[in-house]
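User: Hi! Could you walk me through this structure? I'd like to start with the sheet.

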Amino acid sequence: MASRFALRQLARSSSSSILRAAAGRTTSAAALASRLSKVSTPAVASSFQTRGIKTLDFGGSKEVVYERSDWPKEKLQEYFKNDTIAVLGYGPQGHGQSLNLKDNGLNVIVGVRKGGRSWNKAIAEGWVEGKDLFSIEEAADKGTIVFNLLSDAAQRDLWGQVSPYITPGKTLYFSHGFALTYNDQTGVTTPEGVDVILCAPKGSGFTLRTLFLDGKGLNSSIAVAQDASGKAKEKAIALGVAIGSGYLYETTFKKEVYSDLFGERGVLMGAIQGLFRAQYDILRKNGHSPSEAFNETVEEATQSLFPLIGQKGMDWMFASCSVTAQRGALDWHQRFYDASLPVFEELYQKVVDGSEAKRALDKNSQADYRESLEKELAEIQESEIWRAGKTVRQLRPENAGKN
């Protein structure tokens, strides 16, 4: 096994959070709900690490990194004391960001379609109709800072209803550069006299919320598309901290969406599923059992090696493995690079020319999209590799006795 020595290194030197990741422990929705009821806002705020603004060297390039110590909770409350933050949408980002803003003591309201699934979820989680829960149009009207966290397709479809309420003096906030970058397809524009900013957490709203409750913070990107007040960047940084970011990096709307669409179709999601499937299928084709194929393809990667990469880097992970594993990795990584580079080149061009945006909008606009999505996800769930994985995960101590 490639990572026998690596596991020993992990056990000796990893932080508790990395150890939890290596053990495959994730925060369930039930556990998160329980934590929500126990953690007080002051406790969360007081446990935040403090560092400050820094100029750091990233592989030879200097970048400014904004950190939350310059915006303690009391400063946030003073800065936004005259604002109403209207969060449109209660999906993954809307859910996480609105709750974190609320826990930071800011005046937050939520706007979603009345009677829909998100509306009912918001009510179940403590938002009250007429007090801090409104229709999308009502919330946009009441908000001085409007968070457009609707889905990309919904931002296109509902912009005509939202835009009349984005009046001069307000701030329009996004967590994705999609709507403005591909405005030839979405119709979303930058209204005159309005600050238009972005804060894009590098992770799901669920992760943003979980880390916030743990006194930690997710990396986020910030950008300014229009600075009507002269303070747009300052607002982006402050709001980035208020939603639960730990570290903020500057970018542009265009670069954010290009990297995001490229990354999620590539290494983060699409490519990793393709590589897992290919290796698993070759092992099965050559007589290896499902458990062996899964353990060697997914389990060892996610529970042993990937946490080491996150902790120390690829070189450290290589150095922590057996000589045989080192040699194999060093001899073969160039072959995989050469094979995948043309695919990534094609993918990036399709992101830039808007093909991927069009595909996503077209798919999401289909009347039966929810049903077709469930079918696609079911195909993955029912494939042998992930059925084998379910059995392997059930053997972990934290899952003992669970279905």
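User: How do strand 6 and strand 7 run, and how many bridges join them?
Analyst: Strand 6 (residues 145–148) and strand 7 (residues 171–174) run parallel, with four bridges joining the two. Strands count as paired here if DSSP finds at least two bridges between them. Helices (H or I, at least four residues) and strands (E, at least two) are DSSP runs, numbered from the N terminus. This is a predicted model, in which local features need pLDDT of at least 70 and side-chain atom pairs count only at pLDDT 80 or more, while totals for chains, interfaces and linings use all residues. Residues are numbered from 1 along each chain as its sequence is written, and side-chain values use heavy atoms, with hydrogens and water left out.

User: Which residue stands opposite isoleucine 145?
Analyst: That's threonine 171, in strand 7.

User: OK, zooming out: what is the strand order in the sheet?
Analyst: The sheet is open and built from ten strands, in the order 1-2-10-9-8-7-6-3-4-5, with mixed pairing. Its edge strands are strand 1 (54–58) and strand 5 (133–134), each pairing on one side only.

User: Which residues of strand 4 are buried?
Analyst: Strand 4 (residues 108–111) is covered on both faces: Val108 and Val110 are buried on one side, Ile109 and Gly111 on the other. Buried means under 20% relative accessible area, exposed means over 50%, and partly exposed is in between (1.4 Å probe, protein chains only).

User: And how does the chain get from strand 3 to strand 4?
Analyst: The chain crosses through helix 6 (residues 92–103), making a right-handed β-α-β crossover. Right-handed means that, with the strands pointing away from the viewer, the path from the first strand over the helix to the second runs clockwise. Strand 3 (residues 85–88) pairs with strand 4 in the parallel sense over four bridges, and valine 87 has valine 110 as its bridge partner.

User: What about strand 4 and strand 5, how many bridges there?
Analyst: Two bridges join strand 4 to strand 5, and the two run parallel. Glycine 111 has phenylalanine 134 of strand 5 as its bridge partner. The chain goes from strand 4 through helix 7 (residues 117–124) to strand 5, and this β-α-β crossover is right-handed.

User: Is glutamate 300 buried or exposed?
Analyst: Glutamate 300 counts as buried because its relative accessibility is 7%. Glutamate 300 lies in helix 16, and glutamate 296 is also placed in helix 16 (residues 290–312). Glutamate 296 counts as partly exposed, at 40% relative accessibility.

User: What does glutamate 296 touch?
Analyst: Leaving out residues up to four places away in sequence, glutamate 296 touches Gln279 and Leu283. Contact means heavy atoms within 4.5 Å.

User: And where is serine 322 found?
Analyst: Serine 322 is in the loop between helix 17 (314–319) and helix 18 (323–352). With a relative accessible area of 31%, serine 322 is partly exposed.

User: Let's do helices. At what angle do helix 20 and helix 21 cross?
Analyst: The axes of helix 20 (residues 369–382) and helix 21 (residues 384–394) cross at roughly 65° and come within 5 Å. Axes are lines fitted to C-alpha atoms, for helices over the stretch in contact, and angles run from 0 to 180 degrees between N-to-C directions. Ile380, Gln381 and Glu382 of helix 20 meet Glu384, Trp386 and Arg387 of helix 21.

User: Which residues of helix 9 are buried, by the way?
Analyst: In helix 9 (residues 152–162), the buried residues are Ala153, Ala154, Gln155, Trp159 and Val162. These pack against several elements, including strand 3, strand 6, strand 7 and helix 19 (355–365).

User: Last one: how much of the protein counts as buried?
Analyst: Of its 403 residues, 39% count as buried. The protein has 21 helices and ten strands.
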